[in-house]
Amino acid sequence: MAASALLPLVRRHVATLQRMGNEAQTGVCPFEDHSPDAIPMFVVHNTDDDFTCFNCGKAGGVDEFLGYLRAQGVTDVYAVNGGGDGHD
């Protein structure tokens with residue numbers, strides 16, 4: 001199985017990311033405003049290299065994640081992913 005392209009990127013934007021079994025990680029969605037006690041509803045599926053937020057409904061792969069970052073005003077989205085780790 002190829003290394004995840006999404007997970008290294010998500011880790012830079014989701015400080016609360018925690019392992020959820022062997023095939024997923026969960027955290028607080030980076031695309032929403034949160035209270036300090038927000039429930040982690042953002043899931044990264046390691047095996048499918050995609051994400052889903054079960055609160056706001058945003059979902060997709062690397063391209064969608066980058067698009068949501070841009071929509072939030074993050075202008076240098078490619079620099080945050082370590083220069084393209086996992087993009088072969």
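Trainee: Where in the protein is confidence lowest, and where is it highest?

Mentor: This is a predicted model, and among its elements helix α1, residues 6–11, has the lowest confidence, with a mean of 90. The highest is in β5, at 97.

Trainee: And what's the mean pLDDT of the protein?

Mentor: The mean is 82, and 82% of the residues reach 70 or more.

Trainee: Over which residues does pLDDT stay under 50?

Mentor: That would be residues 80–88. The model has 12 contacts beyond four places in sequence for that stretch.

Trainee: OK, new topic. How many helices and strands are there?

Mentor: There are 2 helices and 5 strands.

Trainee: What share of the residues is buried?

Mentor: Of the 88 residues in the protein, 36% are buried.

Trainee: Let's talk rings. How many aromatic pairs does a search of the whole structure find?

Mentor: It finds 8. Take Phe-51 and Phe-65: their ring centres are 5.6 Å apart and their planes are at 80°, so this pair is edge-to-face.

Trainee: Why does that pair tie together parts that are apart in sequence?

Mentor: Because Phe-51 is in strand β4 while Phe-65 is in helix α2, residues 62–71, the pair connects parts 14 residues apart in sequence. Both Phe-51 and Phe-65 are buried.

Trainee: What about the rings of Phe-51 and Tyr-68?

Mentor: Their centres lie 6.2 Å apart with the planes at 80°, so that pair is edge-to-face too. Tyr-68 is in helix α2 and Phe-51 in strand β4, so here the parts tied together are 17 residues apart in sequence.

Trainee: Is Tyr-68 buried or partly exposed?

Mentor: Tyr-68 is partly exposed, because its relative accessible area is 24%. Phe-51, with a relative accessible area of 1%, is buried.

Trainee: Which residues do the ring pairs link into a cluster?

Mentor: Phe-31, Phe-42, Phe-51, Phe-65 and Tyr-68.

Trainee: Now the outside. Which residues form a nonpolar patch on the surface?

Mentor: Ile-39, Met-41 and Phe-54 form one, and together they have about 320 Å² of accessible area.

Trainee: Where does Phe-54 lie?

Mentor: Look in the loop between β4 (50–53) and β5 (59–60).

Trainee: Why does Phe-54 count as exposed?

Mentor: Its relative accessible area is 54%, and exposed means over 50%.

Trainee: Last one: what is the accessible surface of the protein?

Mentor: It comes to about 5,300 Å², and carbon and sulfur atoms account for 48% of that.

Conventions
Residues numbered from 1 in each chain as written. Predicted model: local features only at pLDDT ≥ 70, side-chain atom pairs only at ≥ 80, totals over all residues. Heavy atoms only, no water. Patch = residues over 30% accessible without salt bridge, like charges linked within 9 Å, V, L, I, M, F, W, Y side chains within 5 Å. Areas by Shrake-Rupley, 256 points an atom, 1.4 Å probe, with all protein chains shown as cover. Salt bridge = Lys/Arg side-chain N within 4 Å of Asp/Glu carboxyl O. Helix = DSSP H or I, 4+ residues; strand = E, 2+ residues; numbered from the N terminus. Buried < 20%, exposed > 50% of the residue type's maximum accessible area, 1.4 Å probe, protein only. pLDDT = per-residue confidence, 0-100. Contact = heavy atoms within 4.5 Å. Phe/Tyr/Trp six-rings, centres within 6.5 Å; stacked < 30°, edge-to-face > 60°.
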